[in-house]
Amino acid sequence: MTNSIRDIHLADVLLVTGSNTTEAHPVISLEMKKAVRKRGAKLILIDPREIELANFAALHIRPRSGTDVAILNAMANVILAEGIADKEFIATRTENYEALVEAVKDCTPQWAEDVSGVPSDLIVEAARVYGHAGSAAIFWAMGITQSSHGVDNVQALANLALLTGNFGKPGSGVNPLRGQNNVQGACDMGGLPNVITGYQSVTDEAVRGKFETAWRSPVKIPAKPGLTVTDMMHGILDGKIKALYIMGENPMLSDPNINHVKQALERLEFMACQDIFLNETAQLADVVLPGVSFAEKEGTFTNTERRVQLVRPALPVKQGARRDLDIICDLGQRIGERIGERTSGFAGAIHPVTNWDYDNASAVWDEIAALTPSMTGISHARLEHGGLQWPCPNAEHPGTPILHREKFTRGLGRFTPLTFREPMENPDAEYPFTLNTGRILQHWHGGTMSRRSEGLDWVVPEGEIQINDADGAQLGVKTGDLIRVSSRRGAVTGKARLTGKLPRGMVFMTFHFAELPANRLTGDAVDPVAKIPEYKVSAVKIERV
Amino acid sequence: MIKADRIVTTTCPYCGVGCALNLHLKQDVVYKVTSPFDSPANRGNLCVKGRFGYDFIHAKDRLSRPMIRRDGELVSATWEEALGYAAGRLLEIREQYGADSIGFLVSAKCTNEENYLLQKAARGLIGTNNVDHCARL
Ligand code: SF4
């Protein structure tokens, strides 16, 4: 998020799209509702489903799945046509404005209506409400990014914020709501193929040199970015990837096209899984290393507003298991020693043995801070009192609740001209429905934690397949009937639930339930840049069983 | 009324809001969860997962010993065996097929420090940038 959870209530307008905030980020939705109820903020909701936030929305735009860019470009078109853009902001803080003007010139509200099915006057109204706001904040989640053109969607949103000067002030900004508790941190820590900590690029020689020296690394860090998860799975089938080390993830449930993932994992020569349960992926492993839960460990998580917060050990380590930090250090030490014994085996070996001996998580953090300019000022001791938001460059710095105050990281904010593209797999005669996947309040991700919690599993014990009332009537299906949903990749069978909250033609499922795995149906079409799978639009058909 | 042996303040393991939690413990069981009112991200609010979703910590099927696959079956092993085997296999595969034949998945559920160290092992010991996690998903 460019802004903070704390300043949501300061926004005059909230634009929420591709986020069922109430179910996926419940406590943030409380702040949004507070802004609407207590301060009279206007909520513009863009979502095909009638989600709970719709009850609070001044405007609810329900586009055909995958047509976000059309709507957002048309909003930009209206903002320009009606002269409500922030001319001073555009002049002093942005570039490439002419390209944007050119790109949206033909994206009239009428054109967007034809593409998305949303009445043009609703689009005009949304553009006016957003454009005239003193401060307007945009929020999105996977509904925007899990698309074959997810990066376009995000850039189209950023264009709107740039056009109206909604950056660098309270109650504004572009605010992705990160899914899992420490997705932000996993990215910040270099858990990505192209960057090391704090988004320092592996293609930068000075960066690589700095880490190689600090780590006393026996090998060179390659200058070429590595493979993403999706590409690793393809890489296994192509014979390029032979081994995987997986910590705390279950790609067998969360990755697209599970059948393909299973085939791939079975082809590996070696797979190690470090986890607290023997999940579907670990069952295929060659080595299983039992780690511990968050309640038994020490360290930090970073939330969606870039706030680094302490995780404190509350319980003794489960007998027989080990702290994850100790597992990795032990493994690192062993690999390091063996490399030291026979350095000759490693072309380009530059140092003999690395050091994997840390006193505690705080010592590991100190190494991170020393190597990461945007986090240098953060230490576990400083986090004792409520956490700090990076960038935090020195020990006196109070952290950064709002990014881009005076300038953008890259200097000027750049407009991105975009053209609307259709999703990869639209419904057709054979597969006439659109499958959408998502989360519900009571469960979490692959269900590993939430489904073992008696109370949560009691409230929602099984997965359902939601379809629209009228579609159900047409198919002769009632709530509770068993139906089979199939796509070009696989099929699942489960109980139907009819609802008026979905548009016609849509099927909705969660991916929390191993026995009703929505990702057996999803495709592996990905965004060309971000490589995020298109989970929100897959063509499916429905049959009664 | 149960009185807590200890109350430990920590961070919710479910979603990216990052609510602060007070775990109330009695005989090493989390029996109740509240939130401090001055917590910066959530001001004392919690959702149903953050408040009630903790039985998994004490679940019977938590893994409690390392395992190695022998003759197609996962069987119990010591830490010494399991870590020695993992380190050995990773190095063998590295020598046979090169560093880029190995991939590492770090975790959106694990701590910053754990993620940092695992990508350090990938980049600084094995020598590959094949590091990612399932956050796109
Ligand atoms: S309590 Fe709920 S809203 Fe808060 S971090 Fe946990 S899951 Fe997210």
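The largest nonpolar core of this predicted model holds 60 residues. Such a core is a set of buried Ala, Val, Leu, Ile, Met, Phe, Trp, Tyr and Cys residues joined through side-chain atoms within 4.5 Å. Buried means under 20% relative accessible area, exposed means over 50%, and partly exposed lies in between (1.4 Å probe, protein chains only). The members that touch the most others are A:Y245, A:I335, A:I378, B:L90 and B:L117. Helix α2 of chain B, residues 79-97, gives the largest share of this core, eight residues. Helices (H or I, at least four residues) and strands (E, at least two) are DSSP runs, numbered from the N terminus. Apart from this core lies another, of 49 residues, with A:F139, A:I276, A:L456 and B:C12 among them.

B:L117 reaches across to chain A. Its contacts (heavy atoms within 4.5 Å) include A:L325, A:I328 and A:C329. B:L117 also touches A:W356, A:Y358 and A:V364, with residues up to four places away in sequence not counted.

A residue counts as near if one of its heavy atoms lies within 4 Å. Chain A brings A:P26 and A:V27. From chain B come B:C12, B:Y14, B:C15, B:G18, B:C19, B:L46, B:C47, B:K49 and B:G50. Helices α2 (26-39) of chain A and α1 (48-52) of chain B each supply at least two residues of this shell. By class, the shell has eight nonpolar, two polar and one charged residues. Here Ala, Val, Leu, Ile, Met, Phe, Trp, Tyr, Cys and Pro count as nonpolar, Asp, Glu, Lys and Arg as charged, and the others, Gly among them, as polar.

Chain A also contains an open sheet of three strands, in the order β12-β13-β14, with antiparallel pairing. Two strands pair if DSSP finds at least two bridges between them. Four bridges join β12 to β13 (residues 307-311). Within this pair, A:T300 stands opposite A:L310. β12 (299-302) and β14 (388-389) stand at the edges with a single partner strand each, so one side of each has no neighbour in the sheet.

A:K495 sits in strand β19 (residues 491-499) of chain A. A:K495 is partly exposed, at 36% relative accessible area.

Residues are numbered from 1 along each chain as its sequence is written, chains are lettered from A and ligands numbered from 1 in the order written, and side-chain values use heavy atoms, without hydrogens and water. Local features need pLDDT of at least 70 and side-chain atom pairs count only at pLDDT 80 or more, while totals for chains, interfaces and linings use all residues.
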